[in-house]
Amino acid sequence: MADIRFDGKVAIVTGAGGGLGRQHALELARRGAKVVVNDLGGSVDGSGGGSDAANKVVEEIKAFGGEAIANGSSVTDDAGVARMVKDAMDAWGRIDILVANAGILRDKTFAKMEIADFQVVVDVHLMGTVKPAKAVWEIMRGQNYGRIVVTTSSTGLYGNFGQANYGAAKLGLVGFMNTLKLEGQKNNIHVNAISPVAATRMTENLMPPQVLEQLKPEYVTPGVVFLCSEEAPTGVILTAGAGAFAVSRIVETEGVYLGHEATVEKVRDAWAQITDPAGQQAYATGGEQTAKFFRKMQGG
């Protein structure tokens, strides 16, 4: 089969000054995409800022003959996001790909976490994906083509001690993707999520060096770039790390119909059947899940 190429395509990669975002931007550019390298240049907790990191990645791309421009906007700033999109449109006249990768951490147990720490993490991860996606949405609809990759996390999917803010934002992105995949379908806009495990500034203090060596960001990037391609699926959560790839799904058990006269005690007594994994399935839409309830009500 032919190599996957992005000639003539334009990509925006947020948080691309280092780590995962840098690798995504470099690989897209190597395969022919013109890339907006967005990075605020702040620290892991979101403080500070500058364009040096984004400029360095642009220099790397230009060094191997690629095309790229740097953008230092914050993904939480409406004017900055608008400027990022304008930069892309002014330079190349279209936007085909958005990889929403920007993020920060403010890890604390929920008991010690200030609401401000919760809010800023949700703002960067969730709204910092929503705002760029909204800014490119009509452009992609007008083109009848678009690929959006949001960045979720195992913390959002499964939980992690000390990351209530991060987990809430990351699972929120799955809900966001699940609706956009439906709304974008008729205009050939595919929306997927990557759940990476990688050695970056955000994980360097969480694992020993020998483990981090096996978790280089470049081992995640092939999955992300595939989700940016014309062959990409839509509505998929792809987990990736150390060169291993799998799909994560939200499933629902077959359950049991207790009728409109259900009581608390009947739910308790049927708990084993309610939680039985036999016959569980993943639904593509909320409507499919609602249809299941009606079938059960009718004895199906």
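In this predicted model, the largest nonpolar core comprises 30 residues, and Ile12, Ile95 and Ile148 are the ones that touch the most other members. At least two residues of this core come from each of strand 1 (10-13), helix 3 (78-92), helix 4 (115-143), strand 5 (146-151), helix 6 (164-183) and strand 6 (189-196). Helix 4 is the greatest contributor, with 7 residues.

Leaving aside residues up to four places away in sequence, Ile12 touches Val36, Met84, Val85, Ala88, Ile95, Ile97, Leu98, Val99 and Val136.

The strands may be considered next. Strands of a sheet pair through backbone hydrogen bonds, either parallel or antiparallel. Here 8 strands make up an open sheet with mixed pairing, and their order is 3-2-1-4-5-6-7-8. Strand 3 (68-71) and strand 8 are the edge strands, each pairing on one side only. From one strand to the next, the twist averages 20°.

Helix 1 (residues 19-30) touches strand 1, strand 2 (34-38), strand 4 (97-100) and strand 6, and its direction makes about 170° with that of strand 1. Helix 2 (residues 52-63) also packs on the sheet, where it touches strand 2 and strand 3; the direction of helix 2 makes about 180° with that of strand 3.

Strand 6 and strand 7 run parallel and are joined by 4 bridges. Within this pairing, Ser195 stands opposite Thr239, and Pro196 has Ala240 as its bridge partner. Strand 7 and strand 8 (residues 244-248), by contrast, run antiparallel, with 5 bridges between them. In that pairing Ile237 stands opposite Ser248 of strand 8.

The hairpin of strand 7 and strand 8 has 2 residues between the strands. Ala242 is found in this loop, and its phi is near 60°, a positive value in a residue other than glycine. With a relative accessibility of 43%, Ala242 counts as partly exposed. A positive phi also occurs at Asn144, where the angle is near 55° and the residue is again one other than glycine. Asn144 belongs to the loop between helix 4 and strand 5. The relative accessible area of Asn144 is 41%, which places this residue in the partly exposed class.

Aromatic side chains provide a further set of contacts. A pair of aromatic rings is described by the distance of the centres and the angle of the planes. The count of aromatic pairs comes to 1. Phe110 and Phe118 form this pair, with 6.5 Å from centre to centre and 75° between the planes, an edge-to-face geometry. As for the setting of the two residues, Phe110 is exposed, with a relative accessible area of 60%, while Phe118 is partly exposed at 22%. Another ring contact involves a charge: Lys9 lies over the face of Tyr145, 5.0 Å from the ring centre.

Lastly, one residue may be located toward the later part of the chain. Arg295 lies in helix 11 (residues 286-297) and is partly exposed, with a relative accessible area of 42%. Between Arg295 and Thr151 there are 144 residues of separation along the chain, and their C-alpha atoms are separated by 35 Å.

Terms used
Residues are numbered from 1 along each chain as its sequence is written. This is a predicted model: local features need pLDDT of at least 70, side-chain atom pairs count only at pLDDT 80 or more; totals for chains, interfaces and linings use all residues. Side-chain values use heavy atoms; hydrogens and water are left out. A nonpolar core is a set of buried Ala, Val, Leu, Ile, Met, Phe, Trp, Tyr and Cys residues joined through side-chain atoms within 4.5 Å. Buried means under 20% relative accessible area, exposed over 50%, partly exposed in between (1.4 Å probe, protein chains only). Contact means heavy atoms within 4.5 Å. Rings of Phe, Tyr and Trp (its six-membered ring) pair if their centres lie within 6.5 Å; planes under 30 degrees apart count as stacked, over 60 as edge-to-face and the rest as tilted. A charge sits over a ring if NZ of Lys or CZ of Arg is within 6 Å of the ring centre and within 35 degrees of the ring normal. Two strands pair if DSSP finds at least two bridges between them. Axes are lines fitted to C-alpha atoms, for helices over the stretch in contact, and angles run from 0 to 180 degrees between N-to-C directions.
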